[in-house]
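Welcome! Try each task before you read its solution.

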Amino acid sequence: MTTDLNKFDTLLVANRGEIACRVMRTARAMGLRTVAVYSDADANVRHVREADEAVRLGPAAARDSYLKVEAVIEAAKRTGAGAIHPGYGFLSENGPFVDALEKAGITFVGPPASAIAAMGDKSAAKARMHDAGVPLVPGYHGDDQDDALLKAEADKIGYPVLLKASAGGGGKGMRVVESSDGFQAALDGCRRESQAAFGDQRMLIEKYLTQPRHVEVQVFCDSHGNGVYLFERDCSVQRRHQKVLEEAPAPGMTAELRREMGEAAVRAAREIGYVGAGTVEFLLDADGSFYFMEMNTRLQVEHPVTEMITGQDLVEWQLRVAMGERLPLAQDELTITGHSFEARLYAEDPEQDFLPATGTLTRFALDLEGAGLLSFEKGRDKVRLDSGVESGDVVSMHYDPMLAKLIVHGADRDQALATLNRALAALDVQGVVTNRAFLQRLATHPAFKGCELDTRFIEKHEESLFAPREITTEAHAAAALIGLKQLSRECESDSPWDRHDGFRLNAPHTIRLALCATGHDLTRAQAPDAEDVVIVEGTRETVTAPWHLTIGDTTLTARLQHLAGDAVAVTLDGHRRRLQARLGDNGVVVMADPSGETRLFWRRIDAIDHGQHEAESTLTAPMHGTVVALLVEPGKKVEKGMPLMVMEAMKMEHTMAAPADGHVESFHFAAGDTVGQGDVLLEFAAEE
């Protein structure tokens, strides 16, 4: 294949974060200059720092910056960019944007506007797929959007049903409705989200399959009539209809089923005159039947797993097709090698219903050396981190909470999964709450390891995924030893009378620590004899002698040795074990067993406040966001769990519920107001 870069030598990436960095990496490798665009909130983030040029678009809100078509086109003209890559989200599936680029003489790295329009209206897309012979899930995709009609159609289809924004994607404007009674409230919520995200309130309804898998096919077409599929990905593990873990190839696929789904996906692409990278998403039922869901007319977040198993750079394919070249390979030249996983790292708190989190990343690093993974980097990449952030970056409330993607490759599924778990342990993120530990629980869950997959995996296994974990003796010992060492370092004076590390004249060196795994700050926590607090007493005769740790009723001789990176060796009664442990925010993070991390907060016993805390009579904002609606009148009696108000953050709605039976005395904010994390939202009076 000949290379022809004459059509454009400068590429503007109309996106931010991880995908902007990813696209620029390939563009630079192809000899292209790169241009970034940014909002005021992103003035000094990674994708701006890495670009050859960067142009400001506007204020922080996406509608005033990344979604401003005129500003993006002006930035391209100003920098001489002959092409624009949209990434995913924002303007990636915006037909008028593509039309505007064509008028401006700028190449769009993606499909024609007609193809985007054909698949952007999901109701119309269903009709076209029916004509193309692509299987469909039973549902309603009509233009009549009357509330009563939609409810009647849902009743006719039979519950549960799935409400989806006709112009939507990414889980926004989507609800599962379990019964007729809850239909109207779900419809109202979907329409609000859809209007906010896409400026469109139209809905479609589908039968909600009870045990489906989400299997999607990567397709690629060029402008010369060629089309191929680069096999499939399983994206069944989701929360709020957004993917969390993806893998390729899909487990349990037969060669015949892979061919049938792949050919159906290419038929769908040909039906709409597609050009470029696209993904056709299917629901795969337990009996092997598959149904068309939608087509994403852009590069997918999870495209790296396809790159891993095929050895192809899909962004390079996109750029070459945009330059008018033919597809690099034909269907019979594409092969699958090994297995790959992608884990999405989100700034969110799984323990708080996946609420998005904000803050400053005090540390963001992948310690492959400490995890013993450096040897995996030879030849085909075995561990890859696609990230849009670095240490010191601020995670804003204005955009999607995804920080990075961790991608691994192995000879088979078991090997790839083992590598994923090690790599997750090697990822050190501090300053912002993330789902990293939750990803490890998913990756090591027996059902996931056993390929028992469906789109409600997290809900089905919620009890075990969120169950309190038994903390190992090694974890307690490692945390205690690191805490003891840290206390010794805190002494700045050579005088024994100024020391605070347990020194006693003519007596053993003894320190008593309280270790807590609940996440509470132990200076404000419960008394040290509470159930979730473990008391550790460390004693040693000299500075070089081993510690004698008393944990509960057990006393152990213990030593700690620091190895490469974050790796340490803990020796307990002569049994040496390698693990990863590091100082984190207010505590120690220990990777002491295959099931993931243990985060232990430690304090000296004499630093703990034994005071009791009074019950809160207020409800505070769990994250930065905007008030969408107030759902009750002040003074009106409410029951525990009843919705009180709705907030929106990072393009998703979150409902604040009554903490007990009682009534709201007053709201401190109105619909449309912006609130900060921790702001008091309302005064609540519980029933006596």
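## Exercise 1: a helix and its neighbours

The buried residues of α9 pack against α5 (113–120), α6 (122–131), β10 (213–221), β11 (227–239), β13 (276–284) and β14 (290–296). Contact here means heavy atoms within 4.5 Å, and buried means under 20% relative accessible area, with exposed over 50% and partly exposed in between (1.4 Å probe, protein chains only). Helices (H or I, at least four residues) and strands (E, at least two) are DSSP runs, numbered from the N terminus.

A note before you start: this is a predicted model, in which local features need pLDDT of at least 70 and side-chain atom pairs count only at pLDDT 80 or more, while totals for chains, interfaces and linings use all residues. Residues are numbered from 1 along each chain as its sequence is written, and side-chain values use heavy atoms, with hydrogens and water left out.

**Task.** Describe helix α9: what is its span, which of its residues are buried, and what follows it?

**Solution.** 
- Step 1: α9 covers residues 255–271, which is 17 residues. From first C-alpha to last it reaches 24 Å, close to the expected 24 Å; the expected span is 1.5 Å times one less than the number of residues.
- Step 2: The buried residues are L257, R258, M261, G262, A264, A265, V266, A268 and A269.
- Step 3: After the helix comes G273, with a positive phi near 65 degrees.

## Exercise 2: charged pairs

**Task.** How many salt bridges does the whole structure have, and where do R239 and E348 lie?

**Solution.** 
- Step 1: Side chains of opposite charge can pair when their charged atoms come close. A salt bridge is a side-chain nitrogen of Lys or Arg within 4 Å of a carboxyl oxygen of Asp or Glu.
- Step 2: The search finds 41 of them.
- Step 3: R239 and E348 form one, at 2.7 Å from N to O. R239 lies in strand β11 and E348 in strand β16 (residues 348–349), so the pair ties together parts that are 109 residues apart in sequence.
- Step 4: R239 is buried at 5% relative accessible area, and E348 is buried at 2%.
- Step 5: Look next at R384 and D386, whose side chains meet at 2.9 Å, N to O. R384 has a relative accessible area of 15% and counts as buried, as does D386 at 2%.

## Exercise 3: a loop residue and the whole protein

**Task.** Is H445 buried or exposed, and what does it touch?

**Solution.** 
- Step 1: Find H445 in the loop between α13 (436–443) and α14 (446–449).
- Step 2: H445 is buried, because its relative accessible area is 9%.
- Step 3: Leaving out residues up to four places away in sequence, H445 touches F457, H461, S464 and L465.
- Step 4: Now zoom out: the protein has 17 helices and 39 strands, and 54% of its 688 residues are buried.
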